[in-house]
Amino acid sequence: MERIIAGIDVGSTKICTLIGRVSDSGPLNVIGMGVVPSRGVRRGVITDIEVASRSIEESVRKAQNMAHYTISEAYLGISGSHIASQNSRGAVSIGRGDRPVDREDIQRVLEDAEAIAVPHNRRILHTIPREYIIDGQEGIKNPIGLMGFRLEVEAHIVTGSTTCIQNLEQCVERNQIRVVDSVFQPLASALAVLTEEEGRMGVVLIDMGGGTTDLATYMDSSVWETMVFDVGGNHISNDIAVMLRTPFAAAEEAKIRYSHALPMEVDEAEMIELSAFGHDGLATVARRELCEIVEARVEEMFGIIARDIRRSGYEDLVPAGIVLTGGTSDLRGIRDGASRALQMPVRIGVPHRMHGVVEAVSNPAYATAVGLLLWGMKAAADKDEVPLVQHPRTFYEMVKAMFKRLVP
Ligand SMILES: Nc1ncnc2c1ncn2[C@@H]1O[C@H](COP(=O)(O)OP(=O)(O)OP(=O)(O)O)[C@@H](O)[C@H]1O
Ligand SMILES: [Mg+2]
């Protein structure tokens, strides 16, 4: 059966709507894409509902025109510093050891894990099982069919501010589009860029966008930790604007055109011209000076991230290192800059394994939007009980197969 799935990524710099066509067994075929500058949004939080709704409408309309399809529902990417996460354990009794664990037990144990102190002004976005424990036996990925007395789960719970989530959902729903699910952005990005091997070995996904940087740690093919940092590419542009006294738009342009996270890589003598505040509206500066401003901010951002990775204690448990994605991962030299600051191997994650307008979406800035479609595919497949993928090869396929076995 063919399905149409839509994803809307409301980022701090751009809103991206993707429309995908999928069949039960086939790959994702991206048939519509609409990207517009983000307005009425600041660091993942709606600051003007009218303006944000209109930006979303414009992005959706562009994608619909390209796909020749009108969407009525979509998966929505969500981020911002209001998002928090924690690990929690749930436990239920199965009975007298005379029956196997069924889907209802899984539901009950996940609900028990959710019975944490969540204030009324916060909503649970995701409850992700990391591992199950039956009668003390740890490390069970799929407990269904196993006998036991007591079922426990280690789950990762992601929550967000109820009002921030509602405001964002409202912006989409005002356009007659139902939000099927609000998905924490790095979890979507991970589906689009990680490989199965990385997810199993242990990897940290870092989505560095314009206003926020989202992080998700995977080990043993499960999510172990998620974080949001209030830093991103806009901070780099802002530093350039302040230090070189240029308007923000000129700083942004210069960043994309000339900057490098490793100043030593650019010619010391090279001079560049940019528009600046002041009498004649133009300034000539050494390109290396611009790069030094960029380097300082990149070092600071990764310094903050490194500190928190170290604090979480997962530093030595992620042999696959870092996969960096999001628009800022396009910055020249950032891979080496990140690797130096984090003391880990780093690769740039580009969305893969899809057909359609591949050229356009094969860019780290679209990892979240592509991931939202993959998330939708996974959810739809779970609902329809499509046969299990026998030999999953990508991270996405593996998570999909795992999800299928675990969730009713
Ligand atoms: N070639 C490039 N070099 C340097 N920076 C770049 C390049 N291309 C894009 N960027 C930066 O990437 C950032 C936008 O990234 P992205 O599109 O992932 O953000 P977003 O999803 O809108 O925001 P967020 O995820 O923070 O809410 C901007 O700061 C932009 O300047
Ligand atoms: Mg983003």
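At 14% relative accessibility, E154 counts as buried (buried means under 20% relative accessible area, exposed over 50% and partly exposed in between, with a 1.4 Å probe and protein chains only). E154 belongs to strand β10, residues 150-161; helices (H or I, at least four residues) and strands (E, at least two) are DSSP runs, numbered from the N terminus. This is a predicted model, in which local features need pLDDT of at least 70, side-chain atom pairs count only at pLDDT 80 or more, and totals for chains, interfaces and linings use all residues. Residues are numbered from 1 along each chain as its sequence is written, chains are lettered from A and ligands numbered from 1 in the order in which they are written, and side-chain values use heavy atoms, with hydrogens and water left out.

Leaving aside residues up to four places away in sequence, E154 touches S88, R89, I128, P129, R130, E131 and I133. Contact here means heavy atoms within 4.5 Å. D214 is 60 residues from E154 along the chain, and the C-alpha atoms of the two are separated by 22 Å.

Most residues other than glycine have a negative phi. D220 is not a glycine, yet has a positive phi of about 55°. S221, also not a glycine, has a positive phi of about 65°.

D220 is found in the loop between β13 (213-219) and β14 (222-229), and S221 has its place in the loop between β13 and β14. D220 is partly exposed, with a relative accessible area of 42%, whereas S221 counts as buried at 10% relative accessibility.

## Two helix pairs

Two packed helices are described by the angle between their axes and the distance between the axes. Axes are lines fitted to C-alpha atoms, for helices over the stretch in contact, and angles run from 0 to 180 degrees between N-to-C directions. Helix α1 (residues 49-67) packs against helix α3 (residues 162-173) at an angle of about 50°, with axes 8 Å apart. The two are therefore oblique to each other (angles under 35 degrees count as roughly parallel, over 145 as roughly antiparallel, 65 to 115 as roughly perpendicular and the rest as oblique). In α1, I49, A52, S53 and I56 meet N167, Q170, C171 and V172 in α3. By class, this contact has 5 nonpolar, 3 polar and no charged residues; Ala, Val, Leu, Ile, Met, Phe, Trp, Tyr, Cys and Pro count as nonpolar, Asp, Glu, Lys and Arg as charged, and the others, Gly among them, as polar.

Helix α6 (residues 233-244) and helix α8 (residues 287-312) pack at about 140°, their axes 9 Å apart. α6 and α8 are therefore oblique to each other. From α6, H235, I236, D239, I240, M243 and L244 meet E289, L290, I293, V294, R297, V298 and M301 of α8. The contact of α6 with α8 has 9 nonpolar, 1 polar and 3 charged residues.

## Nonpolar cores

A nonpolar core is a set of buried Ala, Val, Leu, Ile, Met, Phe, Trp, Tyr and Cys residues joined through side-chain atoms within 4.5 Å. The largest has 63 residues, and I8, L18 and L28 have the most contacts inside it. Helix α11 (residues 367-384) gives the most to this core, with 8 residues. A second, separate core of 36 residues includes M208, M227, Y258 and L290.

L18 touches I5, A6, G7, V30, G32, M33, V361, A369, V370 and L373, not counting residues up to four places away in sequence.
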